[in-house]
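Visitor: Can you walk me through this one? I would like the conventions along the way.
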Protein chains: 2
Amino acid sequence: MIERLVLPEVRELLEADDLETLGAVLNRWPPADVAGIVAALGDDDRAKVFRALEGKVATGTFEYLELSCQERLLTSFDDPKAAAILEEMAPDDRTALLEELPGEVTARLLALLSPGQRAVAVALLQYAPDSIGRLMTPDFVAVRKEWTLRHVLDHVRTHGKDSETLNVLYVVDQANTLLDDLRIRNVLLAPLHTRVGDIMDGKFVALRVTDDKTSAVEVFRKYDRTALPVIDSGGKLVGIVTIDDVLDVAEEAATREIQRFGGLEALDEPYLATPLVALVRKRASWLIILFVGEMLTATAMGYFEAEIARAVVLALFVPLIISSGGNSGSQAATLIIRALALGEVKLEDWWIVLRRELASGLLLGTILGTIGFVRIALWSAFSDLYGPHWALIGLTVAFSLLGIVLWGTLSGSMLPFLLRRLGFDPATSSAPFVATLVDVTGLIIYFTVALVILRGTLL
Amino acid sequence: MIERLVLPEVRELLEADDLETLGAVLNRWPPADVAGIVAALGDDDRAKVFRALEGKVATGTFEYLELSCQERLLTSFDDPKAAAILEEMAPDDRTALLEELPGEVTARLLALLSPGQRAVAVALLQYAPDSIGRLMTPDFVAVRKEWTLRHVLDHVRTHGKDSETLNVLYVVDQANTLLDDLRIRNVLLAPLHTRVGDIMDGKFVALRVTDDKTSAVEVFRKYDRTALPVIDSGGKLVGIVTIDDVLDVAEEAATREIQRFGGLEALDEPYLATPLVALVRKRASWLIILFVGEMLTATAMGYFEAEIARAVVLALFVPLIISSGGNSGSQAATLIIRALALGEVKLEDWWIVLRRELASGLLLGTILGTIGFVRIALWSAFSDLYGPHWALIGLTVAFSLLGIVLWGTLSGSMLPFLLRRLGFDPATSSAPFVATLVDVTGLIIYFTVALVILRGTLL
């Protein structure tokens, strides 16, 4: 909010090239707010602002910017400026930036770093792209079991400056094996002569460096921690992950999930930052798959062409009936996919879900079927649109709706279980996929019901 | 995971009524894991486990349970047990539980609390249900500007025990006005004789007690904090909110958003914990609204009944064409709603979005239209299904697809802007609403195109 208020003033100072005043103003602000201003400016002005910022504020601000914005800024900096910022950046944020850049740019930038930071950066880049390793920072404070808390606090005061967090300290042995994590609250609350070993409880939760990023979200939620240690396969402490990074991972995961729900490939970039070609490509693939699947409706309708020719009135309700199946199917799919993602429902619960959805589907189908029949009865009371057999047509529509809503609900709720069981992510376009499936089968249900009820009258 | 492994052993101990051994095992574990076990048991066994747990572990475990599970457990406890647990619970978790219970139960439980905790609980319950006030805890450590850091650390050691977090301390004046927040890292890194005033930077971000819960998520994301102070309208410090509570708020918000996307009211409870009646009610309302809207398709089709009777072949493509419009519409709606929710796209960007979606819609429509034409041409090469005028039918389908995909894309992307502009939440059933809108208008587009292209041949 604050960004919007001062933006005109910042623009004026930039136009007047008064970087001194600008620096005096911006350097007093929280980097997150300065980043908000920078994000609202054009590329040239952004580079100018960075000339006005002091070292610490510059790095802090830079860390808060979107990756795409960081990329463009970095190419506009001269080497010493780029080196200064990269050198000071938190290793986890730096990894995220370096992995976005083209290989040759990354190589050039790595060469600008000091040998120590270069080793850190290279080590982190060796982990798989979606692993915890890419999310962690090796800057933490490790202490020993036999130290007193006074020693710990002195150690923190002299060695803690670069640590990403001091909210949690880590107890390791000589071989760097993780023994426990120590919340700073326990250190601060105990008398100074207490030994670390005496306040250790041996209860700790650690992430594995090769695990998937998203698994960290679950662990943070479950254990209510602000930082978690990361260990390698030998139990050695290699880094920590802090909750602020995980909040971003959680939000990205939710975005991907929502976009897959909407029937398209996850963009992985903000909407406006996605090039038009990528935007169309990610939508076209699923749109084409669904279109090809939906072609089966034309085939299914083709089988009943003779019936439609004899009773054109049947065609009028086709969109109404198949969309009701589609809607009830996506409702069910949405509920179950989300419940599976949150762990509220497990694979082995499919039987409980099936019974609940059977009941839900029958109820929902009866409601829609009744409304459908009433609608046709009402229209027929005032017009001759549906002819003398309106009651039979009404029954056809009502029973078809019952069947299709029930079928939509059941397939919508069971398909996610099936996909999960087969090892796929149930979120991937389940809802539109269910809609397509229900469209095709819905037509068959509708015309079959019609053949049974209308035989001898209209058909 | 650990829960699943030991569950059989826990069940055996419960059957043998060996609460001593059970206590010896469970009291050594992290409360989050004990809660995982409790959640997997039946109501009677849950109460038994709580008899085996020590005071601190019992409260910790209780805090990690789902609200519905807490409710049922609480009613199974006798008054002293219930009082002991409520007395020790973090005030924010306790508020969440008390607001779920029926009024008379809350009143009875409040009476069990000590006068001090009762005052705290009553004060928190006075804030609006979805406000920050309901999320905060009044347990924090406040320090004064003129204190030395040695004094601060002594104060923390003696007074910090009940504080929800010691990761951040708060500087206030005599009137309790918030002056600054102090990360514990800055306290730990400075020499002990430094005064608080010397390490204050006056840069702090505070939440307002009456603000909406979900606004906290944005602030936490933006400023990367683990705790934020909460102030009243006079700038007085009244409590703090910690990030673990916000992670839950963020996840609940994502669930609500996803469920609204799926075309149903948000459940607000886990799927399996939602009673069947509520489950059906929350789905039926939107299903009926969409059904009534979709009835317009029958009306629209009614207008073209004569055309369908003359060229039944037109009816065959109705499901294919309207579903393509619906799919492209929900894709666009999904993208824009999520981008609006994340702030990636702002209301004033509608014009940029319109141009991008115009281009996307034209491209996607051309792709689907081409596939549709090719499909009809191929079928006609091998069969006589579409008669001698297959090329004209193919053109009708192709141009209709172009028009409908373009229209779906445009209405799907613009409707969220319109809803947001009118003060509604764009997420509420936008995607299925767009699909219904596009279904009705899609039919009109299709038959109009058919009238133009097929006049003189089939029509």
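**Starting inside chain A**

Guide: Val187(A) sits in helix H12 (residues 184–189) of chain A. Helices here are DSSP runs of H or I with at least four residues, strands are runs of E with at least two, and both are numbered from the N terminus.

Visitor: What kind of model and numbering am I looking at?
Guide: This is a predicted model, where local features need pLDDT of at least 70, side-chain atom pairs count only at pLDDT 80 or more, and totals for chains, interfaces and linings use all residues. Residues are numbered from 1 along each chain as its sequence is written, chains are lettered from A and ligands numbered from 1 in the order in which they are written, and side-chain values use heavy atoms, with hydrogens and water left out.

Visitor: Back to Val187(A): buried or exposed?
Guide: Val187(A) counts as buried because its relative accessibility is 0%. Buried means under 20% relative accessible area, exposed means over 50%, and partly exposed is in between, with a 1.4 Å probe and protein chains only.

Visitor: Which residues does Val187(A) touch?
Guide: Leaving out residues up to four places away in sequence, Val187(A) touches Leu149(A), Val152(A), Leu153(A), Leu169(A), Leu182(A) and Ile199(A). Contact means heavy atoms within 4.5 Å. Ile199(A) is 12 residues from Val187(A) in sequence, and their C-alpha atoms are 7.9 Å apart.

Visitor: Why does Arg46(A) count as buried?
Guide: Its relative accessibility is 9%, so Arg46(A) counts as buried. Arg46(A) belongs to helix H4 (residues 43–52) of chain A. Beyond its neighbours within four places in sequence, Arg46(A) contacts Val38(A), Ala39(A), Leu41(A), Cys69(A), Arg72(A) and Leu73(A).

Visitor: And helix H8 of chain A, which residues are buried there?
Guide: In H8 (residues 91–100), they are Pro91(A), Asp92(A), Arg94(A), Thr95(A), Leu97(A) and Leu98(A). Their cover includes helices H5 (55–64), H6 (67–76), H7 (79–88), H9 (103–112), H10 (115–125) and H15 (243–261) of chain A.

Visitor: Zoom out. How many helices and strands does chain A have?
Guide: Chain A has 22 helices and 6 strands. Its C-alpha trace spans about 95 × 60 × 40 Å along the principal axes.

Visitor: How much of chain A is buried?
Guide: 54% of its 459 residues. Among contacts in chain A with a separation of 6 or more, 66% join residues 24 or more positions apart.

Visitor: New topic: how many residues are in contact between chain B and chain A?
Guide: 120 residues of chain B contact 121 residues of chain A. The area buried between the two chains is about 10800 Å², and carbon and sulfur atoms give 66% of that. Buried area is the accessible area (1.4 Å probe) that two parts lose on being put together, summed over both.

Visitor: Which three residues of chain B supply more of that area than any other three?
Guide: Tyr271(B), Phe291(B) and Arg356(B), with 7% of the area chain B buries against chain A.

Visitor: What does Ser323(B) touch?
Guide: Not counting residues up to four places away in sequence, Ser323(B) touches Glu294(A) and Asp439(A). Ser323(B) is in helix H19 (residues 318–341) of chain B. With 12% relative accessibility, Ser323(B) counts as buried.
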